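Dear colleague,

Please find the structure below, followed by a short account of what was found in it.

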Amino acid sequence: MPDEKLIPLAEAVRRYTCDGLLYASGAALPVGSDAIVFGRELLRQKRRNLHAIFHANTQQLNLLAAAGAVSRAECGFTGLEGFGFANGLRRAVETGRLVLEDYSNLAMALRLLGGAMNWPFVPATVNIGSDLEYRSGFAPDACPATNKIPAVTDPFSGRTIGAFSPLQPDLAAIHVTLADPRGNAIMLGTEWSRFELSRAARRVVLVADAIVDTACMRQYPNLVRIPEIVVEAVVYCPFAAWPQGSPGMYEIDEEHMKSMNKALATDEGTEAYLRNYVHSYGEDIDNYLDLIGRETMARLTQGPTSFLVDPYRQWILPHDDVLARLAERKKEAA
Amino acid sequence: MSQTQEPCTRQEMMAIATGREIRDGELAIFGVGLSMLAGYFALAHHAPNVRAMTEGGIYGASPIGGLPWGIECNRISANATSFTSGLDALGFLVASGRCDVGIVGAAQVDKYGNVNTTGIWDGGGEIGPRFRRPKARLTGAGGANDIACGAKRYVIMVTHEAKRFAERVSYVTSPGYLDGAGARERHGFVGGGPSAIVTTLGILRPHPETKEFRLDAWFPFSSVEEIRSQTGWNLAISPSAQVAAEPTAAELAALRRVDVTGALRKH
């Protein structure tokens, strides 16, 4: 099948990432959709010195920062919402291992929009007048900062506003609920800025909780906000956002959210977390799922949003069929 | 209050007083945590026609099973009527100037209602001419800066402690009235600025001309003296300052229906 883009997670990371990459993920909020499993694989393959673009922090950035894989980050929000401060990211900033450039959540969406449009800048009517404009982590000596959100004149009214720099990440790993093997995707829940990101990034890898037949996309084309023509590869991984939640698919694993963030609060805890939850499983999806625990998975699947998936269930390809398809592709490649 | 109700906690009083700021029919945006409880309390009690959204673009939803962990949590995705995006909610509906009211939290707030949620700096909290890393990194702006710039008015909800109430915040994450009268106009913000700082001890409102916040109400369990001692600037008292109305049994019951897991009763 020439249009098939389904590849294993490890292969996607080998093929599309490198040290120093301008890497975007997240694009949702800290407890929901994010391609967290992609971040674990970045660490397994020892990627370093990443420049991370995360609309809002997630456990992925928290982990990458704790492990020392990120040297620069740009974010609109850096906490974990109800789970408190993001200890891994917080420590990396406080010790100076990671330099953070702060924006607001709307600013990050607008900068991705600017990247998608290939605009030279985006007019800024928010973030101006505050220290988001005046202070820059990337250029700490300039106060007020001159290159972060520089002042521009509105040519119509003559008033002074700001200019946001557009974002065009080298790679976006975007978590989606459902993808077909060609790279069409449906996101359940708020898409946050994944739509803009899918057009702003130079390359897009989808990380999908479930793979559906393309007939599903033909039934609901209005809901396919990421079409195959902007997608490089599709990675299949159930519970790809674990321990965060994926509307319709699984709930937040509250216990692991807390224990993970607690572990990332110290170097020793981070070491142990990497040993137990990053380097402990091979490239086999089933090993990853065993790590989460089959009972935990069953429990998290029984959530109040599971009805959201009902219209699409008939097209979801069984787990073993997707794995067989991946194996077939591997054989073809060999 | 009815005999069967547990007494109202300070956090609950803050949530109820914040909820009273929300009027029926308004277009409203709530952040995660206590501000969401305050907002949904208003819906459950006196403002059933509030048009509420989250900054991620979740519309028509009310939380189920307790305080959501985040604003895109499944607890607030289970009965939504529309899912859109951050650009839509924070941009089209808030930064545009359409949103009537927002609620934001604060780690530190100052006399002009400027909010810091970015960091705590050592050496007296002064960052200095060169930007340096904070001693304690906090959560950053999130959508609060966008609400502060764009919403017609917004309410700041914050625990009333001296360390949080500064003459001047170390870092302005979300603009209040900046350095006083006229400052917001200079930046052309479409939003009107903070209309109240609701705390665990009382309610502060801006002076109509100077925009400096002064005490407008204290709670039945607090006093002017306690509030002044927990405020890092020389807090003026509004001529009309008075004790805020005690929560009614109906208010407390409505709040507790929203706060299923008792998040506001833990302190």
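**Domains of chain A**

The centres of domain 1 and domain 2 of chain A, taken over C-alpha atoms, are 32 Å apart. Domain 1 covers 9–102 + 168–327 and domain 2 covers 120–164, with bounds from an automatic or database domain assignment. Four residues from domain 1 of chain A and four residues from domain 2 of chain A make up the contact, where two residues are in contact if their C-beta atoms, placed from the backbone, lie within 7 Å.

This is a predicted model, in which local features need pLDDT of at least 70, side-chain atom pairs count only at pLDDT 80 or more, and totals for chains, interfaces and linings use all residues. Residues are numbered from 1 along each chain as its sequence is written, while chains are lettered from A and ligands numbered from 1 in the order in which they are written.

Leaving aside neighbours within four places in sequence, the contacts of Val235(A) include Ile7(A), Leu9(A) and Ala12(A).

Of the 334 residues of chain A, 56% count as buried, that is, with 20 or more other C-beta atoms within 10 Å of their own, C-beta atoms being placed from the backbone. The C-alpha trace of chain A spans about 60 × 50 × 45 Å along its principal axes.

With kind regards

Terms used
A residue is buried if 20 or more other C-beta atoms lie within 10 Å of its own, exposed if 12 or fewer, and partly exposed in between; C-beta atoms are placed from the backbone.
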